[in-house]
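This report examines selected features of a protein chain, from individual residues to the strand arrangement. Please consult the sequence and the structure shown below while reading.

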Amino acid sequence: MKTKKLHGGVEIPVIGLGTYKIGNTDEETYRAVRTALDAGYRHIDTATLYENERPVGRAIRESGIAREEIFVTTKLWGSDILSNRIQEAFDGSLSKLGLDYVDLYLVHWPVKGKLGFTWHAMEQLFHSGKTRSIGVSNHLVHHIEELLRDASIMPTVNQMELHPCLTQKDVVAYCNRKGIVPVSWSPLGRNNIALLENEKLATIGEKYGKSPAQVILRWNVDKGFVTIPKSSDARRQKENLAIFDFQLTAEEISQIDALNRDHRTGFHPDKISF
Ligand SMILES: NC(=O)c1ccc[n+]([C@@H]2O[C@H](COP(=O)([O-])OP(=O)(O)OC[C@H]3O[C@@H](n4cnc5c(N)ncnc54)[C@H](OP(=O)(O)O)[C@@H]3O)[C@@H](O)[C@H]2O)c1
């Protein structure tokens with residue numbers, strides 16, 4: 001699996017498995033993460049919010065794969081910031097995962113008025129050695145600028161909604177300048193904004209014998225993003241990994257960039273409340 005190096009030297013596999021709503025039950029979640037690990041995924045993305053850290057962690061622990069070979073991300077939810085329970089939230093995630101450490105801990109969404117405070121607590125968690133890297137999610141440029149005012153560690157990644165209909169050029173350019181790796185969530189538009197039926201993506205895919213989903217994921221990798229598509233289905237999990245035997249041309253990348261409509265499927269980061 002191709003990786004990218006984060007600030008501080010930790011390597012992140014460029015494709016991970018998203019786990020939001022990956023199973024209706026703990027058993028389904030466990031099965032989906034196990035099939036993904038069997039298929040070759042070595043990067044799993046979860047969050048306190050998803051209420052699935054237990055089965056995700058069990059699948060990782062029972063996979064038979066060495067812990068250090070799997071990159072595990074989880075996230076801090078806003079209400080735990082507002083109630084000043086950041087350390088407790090982190091300890092709770094580790095305990096539910098049944099792991100001694102995570103590879104990446106993220107601030108899930110920016111909490112207005114608390115950015116510096118939150119980042120300071122994240123830095124303390126990093127120094128405790130129980131998370132190998134720290135980063136942010138859903139942060140716009142002004143959020144990152146604010147948290148950096150008093151920071152000693154640069155966020156390693158910014159996980160944000162990114163797909164051909166929402167390219168967030170300004171945030172991506174800023175992150176690239178700072179060496180913060182963009183990680184795309186809902187890379188397939190959660191399969192509800194007709195992205196996978198797009199004719200342009202289908203035409204490009206035909207040339208390489210690839211599906212529109214594979215074209216989108218390859219576009220992510222060619223643009224330097226890390227991406228975390230979710231699939232509960234073993235066949236589609238494999239399909240989403242099979243993108244390393246072709247490469248898009250600069251012209252095709254521009255054609256996909258041109259599909260942008262600034263279409264968000266999730267919250268605007270300045271409008272979320274907890
Ligand atoms: N940081 C944040 O605020 C945030 C927010 C949202 C999501 N996330 C993370 O990002 C991950 C991915 O985003 P997402 O789950 O919202 O959406 P997504 O990965 O864009 O799309 C998932 C949907 O696409 C379908 N799918 C997957 N592969 C496919 C393929 N090859 N062909 C056709 N359909 C396919 C899945 O169905 P099947 O499962 O049936 O295959 C599912 O319906 C989440 O799981 C979560 O880990 C983070």
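## Gly189 and its surroundings

In this predicted model, Gly189 touches His163 and Leu195, leaving aside residues up to four places away in sequence. Gly189 is found in the loop that runs between β9 (181-185) and α8 (199-208). Gly189 counts as buried because its relative accessibility is 0%, and buried means under 20%.

Ala151 is 38 residues from Gly189 along the chain, and the C-alpha atoms of these two residues are separated by 33 Å.

## The parallel sheet

Eight strands make up an open sheet, and their order is β3-β4-β5-β6-β7-β8-β9-β10. The pairing in this sheet is parallel. At its edges stand β3 (17-18) and β10 (226-227); each has a single partner strand, so one side of each is left without a neighbour in the sheet.

Within the sheet, strand β4 (residues 43-45) pairs with β5 in the parallel sense, over three bridges. Ile44 has Val72, in β5, as its bridge partner.

## Gln237 in helix α10

Gln237 belongs to helix α10, which covers residues 234-241. What is the relative accessibility of Gln237? The value is 0%, so Gln237 counts as buried.

The side chain of Gln237 reaches the backbone oxygen of Ser231 at 2.8 Å.

## Aromatic pairs

The structure holds seven aromatic pairs. One of them is formed by Trp77 and Phe274, which are edge-to-face, with 5.1 Å centre to centre and 85° between the planes. This pair links distant parts of the chain, 197 residues apart: Trp77 lies in the loop between β5 (71-76) and α3 (78-82), and Phe274 lies in the segment after α11 (250-257). Phe274 is partly exposed, as its relative accessible area is 34%.

Trp109 and Phe267 form another aromatic pair, also edge-to-face, at 6.0 Å centre to centre and 85° between the planes. Here too the pair links distant parts of the chain, 158 residues apart, with Trp109 in the loop between β6 (104-107) and α5 (115-127) and Phe267 in the segment after α11. Trp109 has a relative accessibility of 6% and therefore counts as buried. Trp109 and Phe267 belong, with Trp185, to one aromatic cluster.

## Charged groups over rings

Two contacts of a charged side chain with an aromatic ring may be described here. Arg67 lies over the face of Tyr101, at 4.0 Å from the ring centre. Lys114 places its charged end over the ring of Phe117, 4.7 Å from the centre of that ring.

How many disulfides does the structure hold? The number is zero. A disulfide is a covalent bond between the sulfur atoms of two cysteines.

Are Cys165 and Cys175 buried or exposed? Cys165 has a relative accessible area of 4% and is therefore buried. Cys175 is likewise buried, with a relative accessible area of 0%.

Technical notes. Residues numbered from 1 in each chain as written. Predicted model: local features only at pLDDT ≥ 70, side-chain atom pairs only at ≥ 80, totals over all residues. Heavy atoms only, no water. Phe/Tyr/Trp six-rings, centres within 6.5 Å; stacked < 30°, edge-to-face > 60°. Helix = DSSP H or I, 4+ residues; strand = E, 2+ residues; numbered from the N terminus. Buried < 20%, exposed > 50% of the residue type's maximum accessible area, 1.4 Å probe, protein only. Lys NZ or Arg CZ within 6 Å of the ring centre and 35° of its normal. Polar contact = N/O pair within 3.5 Å; in protein donor to acceptor, adjacent residues only side chain to side chain. Disulfide = S-S within 2.5 Å. Pairing = 2+ DSSP bridges. Contact = heavy atoms within 4.5 Å.
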